[in-house]
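We will go stop by stop, selecting as we go.

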Amino acid sequence: MKKILIQLDSSQHASTFDRVVAIDAGVDELMSYHEVTPVNVEALVHGAMFTRGPEDLKNTALFIGGSDTHSGENLLRKVQETFFGPVRVSVMMDSNGCNTTAAAAVLAAGKHLDFSETKALVLGGTGPVGLRAAQLLARRGAEVVLASRSEERAQAACDAIAGLVEDARVQPLSLKDHKQLEAVNQGTSLIIAAGAAGVKLLPAACWKPLKNLKVVIDLNAVPPAGIEDVDVMDKATERDGKICYGAIGVGGTKMKIHKAAIRKLFEANDLILDTEEIYQIGVELQS
């Protein structure tokens, strides 16, 4: 029985990145669909559900991707609504690499920090990766400051995390200038930059003098660096007494998690791999 992965991509073209990773993860057949929406996804899901017997459904799985994470979330909800009883297949949501990248970043930080004693600043915290990194940190007991240029978006993101994580310690920061960072960073032990590509979010002068700062992670792979003086290749590299990770330094773990998650889809027919489930796969890889 061949392992078939059905790629549901919300973008104009199905991601070649996700296609390559799926093949490298060992799927036997890959079916890719683009411009998938909640309106047209039902027939594709039915095709996955009704073509194999119950004992063979674990050999078919769905991967939700695309550049728009909000669209991916809507697709995941619609896919789950389409299932009924035991007639279902496993599904993974990783639009724009949001879950695998966030998981890899938090796992990197966890090598050096006790999250229950960590105050974290997440720059670009309302974006797809930043929001999920903040959620993962909050669930593990960290105090999280979630920064955005928009006060409303920052507050909405904190409210969303509070709805998912009981007793979450999250607070919004409407970021207008770097002087605000100097004030809020007192006591910060972790900074993760997950903002838009090619935008410098944090000058070196704002993080290098911080005495309590232990780990700095920049997830931007496009020059200029999101955190100034963190190199894209940094992987637990010490700079000015801080442990630094760049996008490629985190990327190796992200790729391992991505492939492992795809392989896990074929272990059962009822798995939903979203933020927390994908993070746990990363934990298992490290054990």
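**Stop 1: the cysteines**

Keep in mind that you are looking at a predicted model. Start with disulfides, counted as cysteine sulfur pairs within 2.5 Å: the count is zero. Select Cys98 to see this for yourself; the nearest cysteine sulfur belongs to Cys158 and is 18 Å away, and Cys98 is in no disulfide.

**Stop 2: the five-stranded sheet**

Next, colour the strands S2-S1-S3-S4-S12, which in that order form an open sheet with parallel pairing. At its edges are S2 (29–33) and S12 (272–273), each pairing on one side only. Zoom in on S1 (residues 4–9): five bridges join S1 to S2, and the two run parallel. For one of the pairings, pick Ile6, whose bridge partner in S2 is Met31.

**Stop 3: the seven-stranded sheet**

Now move to the strands S7-S6-S5-S8-S9-S11-S10, an open sheet in that order with mixed pairing. S7 (169–174) and S10 (235–239) are the edge strands; each has a single partner strand, so one side of each has no neighbour in the sheet. On average, neighbouring strands here are turned by 20° against each other, ignoring direction.

H5 lies across S5, S6 (143–148), S7 and S8, and runs at about 165° to S6. H6 (residues 151–164) packs on the sheet too, touching S6 and S7, with its direction at about 170° to that of S7.

**Stop 4**

Which way do the side chains of S9 (residues 215–218) point? Val215 and Ile217 point one way, Val216 and Asp218 point the other way, and all are buried. In a regular strand, side chains alternate between the two faces of the sheet.

Bring in the partners of S9. S8 (residues 190–193) pairs with S9 in the parallel sense over four bridges; among the partners, Ile191 goes with Val216 and Ile192 with Ile217. S11 (residues 242–245) also pairs with S9 in the parallel sense, over three bridges, and Val215 has Ile243 as its bridge partner there.

**Stop 5: two helices crossing**

Select H5 (residues 128–139) together with H10 (residues 275–286): they pack at an angle of about 70°, with their axes 11 Å apart. That angle makes H5 roughly perpendicular to H10. Show the side chains of Arg132, Gln135, Leu136 and Arg139 on H5, and those of Thr275, Glu276 and Tyr279 on H10; these residues make the contact. By class, the contact holds two nonpolar, two polar and three charged residues.

**Last stop: Ser116**

Finally, centre on Ser116, in the loop between H4 (98–110) and S5 (119–123). Setting aside neighbours within four places in sequence, Ser116 is in contact with Arg140, Gly141 and Arg169. Also select Ala142: 26 residues apart along the chain, Ser116 and Ala142 have C-alpha atoms separated by 5.1 Å.

Note on methods:
Residues numbered from 1 in each chain as written. Predicted model: local features only at pLDDT ≥ 70, side-chain atom pairs only at ≥ 80, totals over all residues. Heavy atoms only, no water. Axes fitted to C-alpha atoms, helices over the stretch in contact; angles between N-to-C directions. Parallel < 35°, antiparallel > 145°, perpendicular 65-115°, else oblique. Contact = heavy atoms within 4.5 Å. Nonpolar A, V, L, I, M, F, W, Y, C, P; charged D, E, K, R; others polar. Buried < 20%, exposed > 50% of the residue type's maximum accessible area, 1.4 Å probe, protein only. Pairing = 2+ DSSP bridges.
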